[in-house]
Amino acid sequence: MNMRLLLLLLGSSALAADPNVKPDDVAGNEAVKKIMETRAGRGVMRDDTPPTPPEEALKKFKTRSDVAIDLMAAEPVVEQPLYASWDSKGRMWVVQYRQYQFPAGLKIISYDQHLRAKFDKVPLPPPRGEKGADKITVFEDTDGDGFFDKHEDVITGLNIASAALHGMGRIWVLNPPYLLSYADADFDAKPDSDTPEVELSGFGLEDTHSVATNLQWGMDGWLYGANGSTTTGNVSSANTKNVKWEGQCIWRYHPKKKTFEIYAEGGGNTFSLDFDSKGRLFSGTNGATRGMHYEQGSYGIKGWGKHGPLTNPYAFGWFEHMRHEGDNKRFPQAFTVYEGGLLGSAYEGKIIAPNALHNLVYVSERLPDGSTFRTKDEENLLSTPDRWFRPVWAGVGPDGGFYMADWYDTRLSHVSPIDDWHKTSGRIYRVRPAAGAPKLKPFDLSKASGDELLGYLSHPNEWFRKQAIHEIEWRHLTELGPKLKAMPQSLETLWALDALGLADDLPFTSSDPYIRRWCVKMVGEEQNRSAEPLLKMAKEEKHLEVRAQLLATAKKLPAKAALPMLWAGDAEDESGHLALLAWWALESKAEKERAAVFDFLKSDTAFLKTTLFRDNLAEKLSKRYALAGGEENLQSCADLLALTNDEALRGKFIAGIASAFEGAEMPKLPESLTQALNDYIAKQSGGDLTLALRSGNADALKKALALLSDKTASNTARIAIAKTLAELGKQEAVMPMVNILKATNPPSLKRGILQAAAKFDDKRIPEALLLGWEAQIAGDKALREDALRVMAGRKEWAQILVSFVNEWKIPAKQFTVDIVRQLSLFKDPEIDAAIDKHWKGLLATGPTPEKKKESERIKAVLKTGLGDAEKGKIQFMARCAICHKLFGEGGQIGPELTGYDRSNADFWLDNLFMPNMEIREGFGAYIVKTKGGQILTGLMDAQDAKGIVIKDMAGNKTPLKQTDIESMNASPISLMPEGLTTGMSDADLKDFFAYLMKK
């Protein structure tokens, strides 16, 4: 162990945060106290494994042969480190999150189903608010030997402080709900005053595991941050008020203009972010990929049920995480793109992503994937058997080393109201070449001459290049303008000129696509610049990333300049990003600049013929107007139809209008739109009958009922008509549906008809199913279970159903656990008595003697060895594959299992017998009661301006309008049934687990 570090650690007199906060300290009422005392934690909870002393833990790491790892700081100097940054003197600023997980001075008055807290008050900003245990410590290497020999706590008493960054003569501190800035004019790393300026207020505190964090200076002069997935925001600044969102996003704040905005939405749990040397933005994730790549103004995938909808209900799509090849264990939340120049070419430009759950660090190559990236794993950077190793932050220092903040704890999950975190541990590590520690002489860029700063613009370490540009901006060194313009053109010289306001003649035709890309971005940021050069680029630019920025910039520009730039989206892009960016740019003008949109579409008829418009924009645009509703928007739908005589394109417009009104009759439409729809229907020889039904066409109902009963018609057409009739509440459709269910018809047809029939509260439907059970329903497992779910969805139907079970007309063994749980929701004495009689043990969600006995049986069997994995696959496909994917095969109702710790038999047994122990994010069930009396349970598959889509255990999707929902609540119970191994022989078990645990 380095002697300077040892002295550093022994010399600390820091007091630890108060451990083990009791419920009485934070519970605002008895209901909350009871939850804190009784709710079981989910995920990786604390155990009795002892921590390993820092110097011993260091020896446990296994690294690549060309690197070594150094312990740079450890407890008691560092406890619960969450984030780090470097200032212009190369000092490392470390935020110690010692107050976590309960804010000091606040009382919890309620929890939601995801353990998000509501507090009794909004804390005051420091120094007026309650003092917490969080602090910011600055580490320094004063003699340049490559190790810290000095540290100082510069700001203490903070309360849920998540990031700290120096710049512009100020110390910027994220202390949700606030972004604070402390003056530090003399750059001694100490605030000039105890009272900071409140720059932003309104960041959510509901889940202190996923608050706003990870401050980064962008090369555009904005201060960027990430917001986690389970907090909300309602943020205001001096010049921007009430910017609201739910869940994860990337946001930014302009320190001079005092404006705040969402830069991009979505992702996993976005608790990290990084800009690469080209100015591109990425974040890690809590999923099984390496993370997200964000374009300005983009929308990304979210867990809709838990994290809430996007801020734009008309997004009509989203970016997925970067596609990944390699290890798919979750979750690489910490993230950095290594461009430090120290570790060698094998690492330059690669993603280095620590995985706190599995105690290792990935190295992944970034490869082009259309206009975005995909990732591919290489050899891991390092790993350790020390389960306490929990790297929560990663970055690259001025010395070029790769740094990690290690939370150091056996516990990792936040889904527990018990504060049993190990608050007195934490480490800072550095990975460097095996040849020796880097030695960096003390420096101070804040005092460097202009020529010295210009010299740093070609430094091999990206950190120096960027920090020099920041200093040029913060010190407003305009005298460097002529020299910058005379230097070889690079992104760095462009950034520096832009920072000084001297980038006059932008090099739009540069041979460097990333210079072109940044020029395009600058036009969007400063709208006093001419957009004329961008119009030509939109059609002629070859580089897909530049095209992506053209579309992102178009979203920010006025419609007259922006709309011709949509041509940039008319290019082959396997990622699909360009088409989405084009839509978001067009959508941003749809209502606000409606006249300009139609002027463009009328004047540029060639654009209407592009693949982009016909296949990606036309249907979305008509849907956008129809969904927004109102006389003016519906007239815009008619105006779209009037744009062209091309029947295929008109069909796209009509399809968009129709999709907006799924589940309801159309409102009164403008006469021109009604005429256009009727003309279209007539020209189609009867046309789209489902659309005709919704438009109120006089003959449509008669034709629809005839088609529904027509045995020669396709199953697809009959099901489509049935769903439309059900959505419109046409009672005349019940008898034809009943006849289909009673007669001999393909199970696929019956399943489709059944989902439509479920919307009608008519006893003829359950009677048809029950009276024809053996002959027409029970023979097909999927149809049988669908029928049981449908009947369990209405109280009266459920009462009839259980009476048939009581009379032994329906076998009780045909009921799955999710169906029985749905029956239990009615709290009806008759139904409850049947549950108690037939399925009492099926609803037991905790430990039972029977489960323990079965678990011990399996353990004993597995100790004798595993069986045939190929035979085990048959067991898996029969018992698990309807919900779970393993090795690329199976369903998607539950989490994919491939990336879990499958070699651990205890993992499988815990989840088989206690699936509610940890419900993976995004796979929590919801219970929805409709105003029509139907109860549905399942996953929230989608959410938008119209409503939601619920997906049941069989994958059936039911769209519901918000206006039709009486109540919706999250279920604390997993959809996964317990006791899947019941009835399996010893041989079956050995084969089954051989497949589950196959490498």
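Me: How many cavities of 30 Å³ or more does the structure hold?

Reply: Rolling a probe the size of a water molecule over the atoms shows where empty space is left. In this predicted model, there are five cavities of 30 Å³ or more.

Me: What volume does the largest cavity have, and which residues lie nearest its centre?

Reply: Its volume is about 480 Å³. The lining of the largest cavity takes in 28 residues, and those nearest the centre are Trp-86, Gln-216, Asp-274, Val-396 and Trp-463. Elements that give two or more residues to this lining are the strands β3 (81-86), β13 (213-217), β19 (274-275), β23 (336-337) and β28 (391-396), together with the helix α7 (462-474).

Me: Which element gives the most to the lining of the largest cavity?

Reply: That is α7, with five residues. Sorted by class, the lining of the largest cavity has 14 nonpolar, 10 polar and four charged residues.

Me: What is the volume of the second largest cavity, and which residues are closest to its centre?

Reply: The second largest cavity has a volume of about 230 Å³. It is lined by 16 residues, with Leu-82, His-209, Gln-333, Val-392 and Trp-407 the closest to its centre. The classes here are 13 nonpolar, three polar and no charged residues.

Me: How many disulfides does a search of the whole structure find?

Reply: A disulfide is a covalent bond between the sulfur atoms of two cysteines. Over the whole structure, the search finds zero disulfides.

Me: Why does Cys-519 count as buried?

Reply: Buried means under 20% relative accessible area. Cys-519 counts as buried because its relative accessibility is 0%. Cys-637 is also at 0% relative accessibility, so Cys-637 counts as buried.

Note on methods. Residues are numbered from 1 along each chain as its sequence is written. This is a predicted model: local features need pLDDT of at least 70, side-chain atom pairs count only at pLDDT 80 or more; totals for chains, interfaces and linings use all residues. Side-chain values use heavy atoms; hydrogens and water are left out. On a 1 Å grid over the protein atoms alone, a cavity is a set of points where a 1.4 Å probe fits but cannot get out, and a pocket is an open set with protein on both sides within 12 Å along at least five of seven lines; lining residues have an atom within 4 Å of a point. Grid points are joined across faces, edges and corners, and a volume is the space filled by probe spheres set on the points. Helices (H or I, at least four residues) and strands (E, at least two) are DSSP runs, numbered from the N terminus. Ala, Val, Leu, Ile, Met, Phe, Trp, Tyr, Cys and Pro count as nonpolar, Asp, Glu, Lys and Arg as charged, and the others, Gly among them, as polar. A disulfide is a pair of cysteine sulfur atoms within 2.5 Å. Buried means under 20% relative accessible area, exposed over 50%, partly exposed in between (1.4 Å probe, protein chains only).
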